[in-house]
Amino acid sequence: FIHNYEKDPTRIEMSFDLSCYQPMLAEKKLNKGFVGPAGDHQRDDSKHVPRIFQTIFLDAKECGHLWTREKLDQSKVLLVKWWKQFAHTWTHFLFTVPLLRFIQGGTSS
């Protein structure tokens with residue numbers, strides 16, 4: 001899901017339900033009545049299925065004061081990983097991108 005900030009609707013938080021993509025939860029999904037994106041296989045005990053979410057908070061310098069991290073139940077947080085988004089400069093597009101076709105040879109991807 002996407003969460004827009006009321007104070008600045010141009011900024012967002014993104015969150016993903018990774019439970020849908022975890023093969024080790026497949027058996028539990030079927031046995032416990034996991035509710036997938038299409039709303040399939042719902043049962044009364046579906047609340048017991050472990051759900052794993054990933055939330056991406058963007059631009060700490062400019063938006064950190066808007067983040068909703070403090071609203072998360074910290075006892076349920078599995079991992080906090082800080083990383084910096086890689087971005088290409090204009091030199092990458094000028095000098096590297098045109099040469100990539102030669103690296104692949106006749107193979108296209």
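The model is predicted: local features need pLDDT of at least 70, side-chain atom pairs count only at pLDDT 80 or more, and totals for chains, interfaces and linings use all residues. Residues are numbered from 1 along each chain as its sequence is written, and side-chain values use heavy atoms, with hydrogens and water left out.

Reader: Why is Ser15 called buried?

Author: Its relative accessible area is 6%. Buried means under 20%, exposed over 50%, and partly exposed in between, with a 1.4 Å probe and protein chains only. So 6% makes Ser15 buried.

Reader: What makes Thr55 partly exposed?

Author: Thr55 has a relative accessible area of 30%.

Reader: What does the side chain of Glu13 make a polar contact with?

Author: The side chain of Tyr5, at 2.8 Å. A polar contact is a pair of N or O atoms within 3.5 Å; within protein, one must be able to donate a hydrogen and the other to accept it, and residues adjacent in sequence count only if both atoms are side-chain atoms.

Reader: Why is the pair Ser15 and Thr55 called a polar contact?

Author: Their side chains are joined at 3.0 Å. The limit is 3.5 Å, so the pair qualifies. The side chain of Ser15 also reaches the backbone oxygen of Gln54, at 3.3 Å.

Reader: Which strands hold these residues?

Author: Strands are DSSP runs of E, at least two residues, numbered from the N terminus. Glu13 lies in strand S2, residues 12-17. Thr55 is found in strand S3.

Reader: Which residues does Thr55 contact, beyond its neighbours within four places in sequence?

Author: Glu13, Met14 and Ser15. Contact means heavy atoms within 4.5 Å.

Reader: Which residues lie nearest the centre of the largest pocket?

Author: Gln54, Thr55, Ile56, Phe57 and Leu79, out of 26 lining residues. Strand S3, residues 53-57, gives the most to that lining, with 5 residues.

Terms used
Helix = DSSP H or I, 4+ residues; strand = E, 2+ residues; numbered from the N terminus. 1 Å grid on protein atoms, 1.4 Å probe; cavity = no way out; pocket = protein on both sides within 12 Å on 5 of 7 lines; lining within 4 Å.
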